[in-house]
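Work through the exercises below with the structure open. Try each task before reading its solution.

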Amino acid sequence: MKAVVYSPNSENPQLARAIRRLERDVLRMGALVEQSFRLSHQALFFRNLTAAEELPRLDKKIDRFYRQIESDCTSIMTLQAPSAQDLRCLSAFMQLVRDLERIGDYAKDLAEIAIKIFPYPPHPSLPEIAIMAHHAQAMLATSLVALADLDEAGGRSIKHLDDAVDHAYDRVYQMLAQQRDVQGVVEPIILLALAIRCLERMADHATNIGQRVAYIVTGQRS
């Protein structure tokens, strides 16, 4: 059966405008999450503690967007009699902003890791971890462009980058787990293991966002 491409309900202009406003708010929230991801990158890989200190403030803004968008979606569902297509869009938005909120949380976690690891010398695995972070950031950016354009193919294209992040995670984890003759405390190794787990989960949530965009457009789950 051919998928039906989504467009807001033209028979209810008020509802269509409300959904467009929601989409803009989701993209604004996404821009804040991208900013938080960039700051966490600066903190962890460039030892920029000023960037790390900005994350809690940004995270509060992200959380406010999350609560507001959820509330707006619920209000529209209960008060404006949306069509089945509009309902799938609204439900996808509610799931999608949860993914964004979690990426923001992980960015804050990375900043906290950066602060704790700051006193220690840079670890040899950091360049490969930085590549993981670049991949995950590219996935987030691609997913948000797909949402802005309602681009099904763009949303689904993110999966191959997720595979690259997963492979990098396995390599770095093995490198950290099998490190021998560790001198001094092992805290830096533990912190880096936590960092790569954060990045792997961020990539998973970016993949979810892309899949939710494809669902909005087609009504079909991958």
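## Exercise 1: A pair within α1

D25 is buried, at a relative accessible area of 17%. Keep in mind that the model is a predicted one.

**Task.** Find which side chain meets D25 in a salt bridge, and describe the two partners.

**Solution.** 
- Step 1. Look for the partner: the D25 side chain forms a salt bridge with that of R28, at 3.2 Å from N to O.
- Step 2. D25 and R28 are three residues apart in helix α1, which spans residues 13-46, so about one helical turn separates them.
- Step 3. Classify each residue. Buried means under 20% relative accessible area. D25, at 17%, is buried. R28 has 52% relative accessibility and counts as exposed.
- Step 4. Side chains of opposite charge can pair when their charged atoms come close.

## Exercise 2: α4 against α6

**Task.** Are α4 and α6 roughly parallel or antiparallel to each other? Describe their contact.

**Solution.** 
- Step 1. Take the geometry. Helix α4 covers residues 126-149 and helix α6 residues 159-177; their axes come within 10 Å and cross at roughly 160°.
- Step 2. Apply the cut-off. Angles over 145 degrees count as roughly antiparallel. α4 and α6 are therefore roughly antiparallel.
- Step 3. List the contact. From α4, the residues are E128, I129, M132, H135, A136, A138 and M139. From α6, they are L161, D162, A164, V165, A168, Y169, R171, V172 and M175. By class, the contact of α4 with α6 has 12 nonpolar residues, one polar and three charged.

## Exercise 3: What α1 packs against

**Task.** Compare the orientation of α1 relative to α4 and relative to α3.

**Solution.** 
- Step 1. Start with α4. The axes of α1 and α4 come within 10 Å and cross at roughly 170°. That makes α1 roughly antiparallel to α4.
- Step 2. Name some of the contact residues. Among them are E23, V26, L27, F37 and F45 of α1, and L126, I129, H134, L140 and L147 of α4. The contact of α1 with α4 comprises 16 nonpolar, four polar and three charged residues.
- Step 3. Turn to α3. α1 and α3 pack at about 15°, their axes 9 Å apart. Angles under 35 degrees count as roughly parallel. α1 and α3 are therefore roughly parallel.
- Step 4. The crossing of α1 and α3 is left-handed. Their contact divides into 22 nonpolar, four polar and three charged residues.

## Exercise 4: Positive phi

**Task.** Where are A81 and L150 found, and what is the phi of A81 and of L150?

**Solution.** 
- Step 1. Recall the background. Most residues other than glycine have a negative phi.
- Step 2. Take A81. Its phi is near 50°, a positive value. A81 sits in the loop between α2 and α3. At 66% relative accessibility, A81 is exposed.
- Step 3. Take L150. Its phi is near 45°, also positive. L150 is in the loop between α4 and α5 (152-156). L150 is partly exposed, with a relative accessible area of 22%.

Note on methods
Residues are numbered from 1 along each chain as its sequence is written. This is a predicted model: local features need pLDDT of at least 70, side-chain atom pairs count only at pLDDT 80 or more; totals for chains, interfaces and linings use all residues. Side-chain values use heavy atoms; hydrogens and water are left out. Axes are lines fitted to C-alpha atoms, for helices over the stretch in contact, and angles run from 0 to 180 degrees between N-to-C directions. Helices (H or I, at least four residues) and strands (E, at least two) are DSSP runs, numbered from the N terminus. Angles under 35 degrees count as roughly parallel, over 145 as roughly antiparallel, 65 to 115 as roughly perpendicular and the rest as oblique. Contact means heavy atoms within 4.5 Å. Ala, Val, Leu, Ile, Met, Phe, Trp, Tyr, Cys and Pro count as nonpolar, Asp, Glu, Lys and Arg as charged, and the others, Gly among them, as polar. A salt bridge is a side-chain nitrogen of Lys or Arg within 4 Å of a carboxyl oxygen of Asp or Glu. Buried means under 20% relative accessible area, exposed over 50%, partly exposed in between (1.4 Å probe, protein chains only). A crossing is left-handed if the near helix is turned anticlockwise from the far one by less than a right angle, and right-handed if clockwise.
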